[in-house]
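Please examine the model shown below before reading the report. The text then describes selected parts of it in turn.

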Amino acid sequence: MTTTETKPATKTATRARPRLRADSATWRGRLGYAALILVLGYLIVVPLYKLQSLAFSDGAAGYEAQYGRPDIGETLRTTFALALGSLVIAMVLGTILAFATSRLPRRMGFLRIVPLLPIVMPSVANIVGWAFLLSPGPGYLNALLRHLPWWSGSDTGPINVYSTTWIIIITGFGLTSFVYLFVSAGMQNIGSEHLEAAEISGSSTIGVFFKVVLPLLRPSLVYGGGVALLLGLGQFTGPLLLGQNEGVKVLTTEMYRRVSESPTNFAAAAAAGSPLVIFGLLVIFAQRYLLGNQTRFVTHGGKSFAPTHGRSAWAAVVVAVYGLVALVLPLIGLIIVSLSPYWSADLSWDLFTLDNYRALFDTPGIVESVVTSVVTSLAAVAICVPLGLGVAQLIVRRRDLPILRLLGDVITALPLGIPAVIFGVGFLLTYTQGPFILYGTKTIIVLVYVVLMVPFATRMQLTALVSMGNTYQEASAVSGAGPLETAFRVTLPMLKPAVLSSVALMFILLTHEFAASIMVRSATTQVMGTLLYDHWTNGSYPLVGAMAILMSVVTGAGVVIAMMIGGRNVLDNL
Amino acid sequence: MAEKFRVEGLNKSYGSNVIVDDLNLEMDEGEFLVLLGPSGCGKTTTLRCLAGLETPESGLIDFKGRAVFHSDRRINVPAHKRDIGMVFQSYALWPNMTVRKNIAYPLKVRKMRDAIDKGRVEEAAEMVHCGHLLDRYPAQLSGGQQQRIAVARGLAARPDLVLFDEPLSNLDARLRDQVRTEIHRLHESLGFGAVFVTHDQSEAFALGDRLAIMRAGKMEQVDTPQRVFDNPGTEYVAEFIGMSNRLELHRSAQGWRTKSGVDLDLRRDVPDVEGVVARIWPDDVELYRDADSVPTGMLALKAELLSSEFGGRHYDVVVAAGPEEFRLRANSALHGAWLRQAEEGEPVVIALRPETMQIYPLGAATPVVAGAA
């Protein structure tokens, strides 16, 4: 209605300034988000695209090479058996643990941390620890079991950790903590009135569990189960370290074999990873479709799941037994081997020595690998936090940019659905050729770590942003603070607990990282896990034991520092 | 002209849902304007468009000669460059900052260091009687204190325009009156321009230099509280400000006739329409026990008692006169004795004075939105 209005020239001139400023600010915002999505898209999507285009090139020669093999049926069967088997174990154990930790006696409250501790222990360390215990020949636990009358008289067994069955069991144990995370978060959303009502109506603890808790947990179980299934399909460390002895193959180890054999066959490796990519994409899109708008799922208030009755000793026993089996036992295996001059079933206490620990510092590359691990992890975390905040901000606050929002949402979810091995291979392929040749540098490790962690950084800050609401940021804007100033003075300080939790989690996961690292490492640029693997394949077991302990200590130190900065509940926010 | 805040042809919708519909508004520098209306009428959205927190589809927003939004010229000054203050319904004090830091924030981010050095923060806290709370955190304060601090923060940088988004509705009744009085006093002494959103007509009457009553994204009436009160522009406004009694009248041989068939003389000129609606304040309806006691000159309507609630000096009484219900206030001294024992359905008589009625044409297309009672 004011289009026909004519203004004196001088007035137009004075008003032209705010227009320029305003428009450029709006466009700066949009361009900023577009650039963010472009960078993430390049990092995350390009490697996947390159792999597929290579697999399909030359008349899909990659697919032919991979799926024309006679043993491919066996490999696929093992892959799915591993995924489903470990899923079942993890779901059952994770749910029982979540219920048990909610019912710990008051004095035993500190045991709540136990189900999370296996996350702190690197999976390579854990698996190597189990191998030391359950290897059919020199495994300490096997040797112990052979003292029992019905297993005596044999040199090997009764348990073979290198068999498919035991790889599945050990993988399932490792996934339990992740299922526990989802389920216990879901349990916290069940009002304690529901349980009290059931108890008052005469249900026993077991009855409450099956009739009330399990049905109410269904959404968390479905979600946690989906994540565990993806993780199970992408499992790499266990099958690689344990499966080689007896030729147990899964798709991820096939990818590794294709990339490490000579000549390198990227096309076949890419083809081997395809089922995992497709499955991951299906799960991501199904989730987006089922969950829709994230903000609908944020709830506040209400009494949380904190039953005052029904706390009992059995809960403490369950949690303690899990801690013993999942954490203490493999640690014992590692400690014994790391203190021995060689690995053998016959323990001789008087030979115990600290030589292996001294060797850590004398063996070339080990100290360097620790430094590389810590530096690359910290760098990746430092990059991920602002990236994650940016994407979270885009998804939560910028309804006016629907396409960028959707892209941000989907792209940052990809690394959660697609196994790390695939990103490792994709990065190796992408960055050994132009325009960016990064192979052999720390940069490529940092970049792949950023990709792996972006989902965590985004999701955790997104949840916190949603529950923070809009008003605090709006109040800052109307006070005269620009977007960056608001981010640094209001948003980040208010998100501090969530940011610190995500930093702790990302640091833990990255110092353990193995699956992607083994693809992008080079002989001169190693991280702790990859160097440990080299020594494992060389058979220097006592040194491997010491390295595994060292890895756990480094991660543990990171967690302690995070707790010192962010308070004790840093891990509670996971 | 340059000293005014102007809104012209403002439009804002969410999807197909039109929230602000070609809205025009003008206010003087230092004026206290109240946007009044039921929930969903677009008042908060209008306020947020003024703040720059929402982007309208089209229109013009001009702050004293500086266009902060102009769709044709593609101007959209972001919120942080509009030099305003704002007070939110949920207070929105940042929990990680002390009261002092909260109040100092608008000064700090606008690089007004000298104002901080000159004690503006303490002064602002003192204005709302919270000088002793400067080193506390918001979580340690009561709701009333938090909202006072939020007011101090909104005023600290002395913006020309302060926006209030239902700032009193999270407070309980007693506190609401206290904080309302403080806001009024602050406006008198500081003379900032204010746009105050509320759905409470008593807040609006108490605070506003002018009221702007909104309906479905448009301005229904913009005028001083006195004139709105004396002469509500439309039936919607009359109902919203509390003239809850509605009497439908149609032309008859004798003048006008109610739905229940009683004739009356409106004693004034009515435009050439077939039917009208009279709006009447509850205070202007008188209660009698029989028609003979009704003074001459008043319209007597037979009714039956529906309910009566004790309210101290008065009773809130609801009666049904034919198809229409009336709310009225009956003096406890006059009527308390029998109302206490009265049963539902008891026959009564209500009396209305034609001079106190507001008359509006009976329009088919004027659905009346339920307002606050």
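The following sections treat the model's basis, its two chains and the contact between them.

## Basis of the description

This is a predicted model, in which local features need pLDDT of at least 70 and side-chain atom pairs count only at pLDDT 80 or more, while totals for chains, interfaces and linings use all residues. Residues are numbered from 1 along each chain as its sequence is written, and chains are lettered from A and ligands numbered from 1 in the order in which they are written.

## Chain A as a whole

Chain A contains 22 helices and zero strands. Helices (H or I, at least four residues) and strands (E, at least two) are DSSP runs, numbered from the N terminus. Of the 574 residues in chain A, 46% count as buried. A residue is buried if 20 or more other C-beta atoms lie within 10 Å of its own, exposed if 12 or fewer, and partly exposed in between, with C-beta atoms placed from the backbone.

Two residues are in contact if their C-beta atoms, placed from the backbone, lie within 7 Å. Among contacts in chain A with a separation of 6 or more, 80% come from residues 24 or more positions apart.

Helix H16 of chain A covers residues 420-431. Its end C-alpha atoms are 16 Å apart, which agrees with the 16 Å that its twelve residues should span at 1.5 Å a residue. The expected span of a helix is defined as 1.5 Å times one less than its number of residues. H16(A) is mostly covered, with twelve of its twelve residues buried; among them are A:Phe423, A:Gly424 and A:Tyr431.

A:Leu505 lies in helix H19 of chain A. Why does A:Leu505 count as buried? A:Leu505 is buried because 23 other C-beta atoms lie within 10 Å. A:Leu505 and A:Phe456 are 49 residues apart along the chain, and their C-alpha atoms are separated by 8.3 Å.

## The contact between the chains

How many residues of chain A are in contact with chain B? The contact joins 25 residues of chain A with 30 residues of chain B. On the side of chain A that touches chain B, helices H1 (9-67), H18 (471-478) and H19 (483-512) of chain A are the elements that give two or more residues. H1(A) gives the most, with eight residues.

The residues on this side of chain A divide into twelve nonpolar, seven polar and six charged. Here Ala, Val, Leu, Ile, Met, Phe, Trp, Tyr, Cys and Pro count as nonpolar, Asp, Glu, Lys and Arg as charged, and the others, Gly among them, as polar.

## The domains of chain B

Chain B is assigned domain 1 (4-232) and domain 2 (238-361), where domain bounds come from an automatic or database domain assignment. The C-alpha centres of these two domains of chain B lie 39 Å apart. Their contact takes six residues from domain 1 of chain B and six residues from domain 2 of chain B. On the side of domain 1 that touches domain 2, the residues divide into five nonpolar, one polar and no charged.

## A sheet in chain B

Strands of a sheet pair through backbone hydrogen bonds, either parallel or antiparallel. Chain B has an open sheet of six strands in the order S7-S8-S9-S3-S10-S11, with mixed pairing. Two strands pair if DSSP finds at least two bridges between them. The edge strands are S7 (84-87) and S11 (218-223) of chain B, each of which pairs on one side only.

B:Ile213 stands opposite B:Gln221 in S11(B).

## Two helices of chain B

Helix H5 of chain B (residues 143-156) has 14 residues, which should span 20 Å at 1.5 Å a residue; its end C-alpha atoms are 20 Å apart, which agrees. H5(B) is mostly covered, as 13 of its 14 residues are buried. H5(B) is followed by B:Arg158, whose phi is positive, near 50°.

B:Glu182 is placed in helix H6 (residues 173-190) of chain B. B:Glu182 counts as partly exposed because it has 17 C-beta neighbours inside 10 Å. Leaving aside neighbours within four places in sequence, B:Glu182 is in contact with B:Val128 and B:Arg148.
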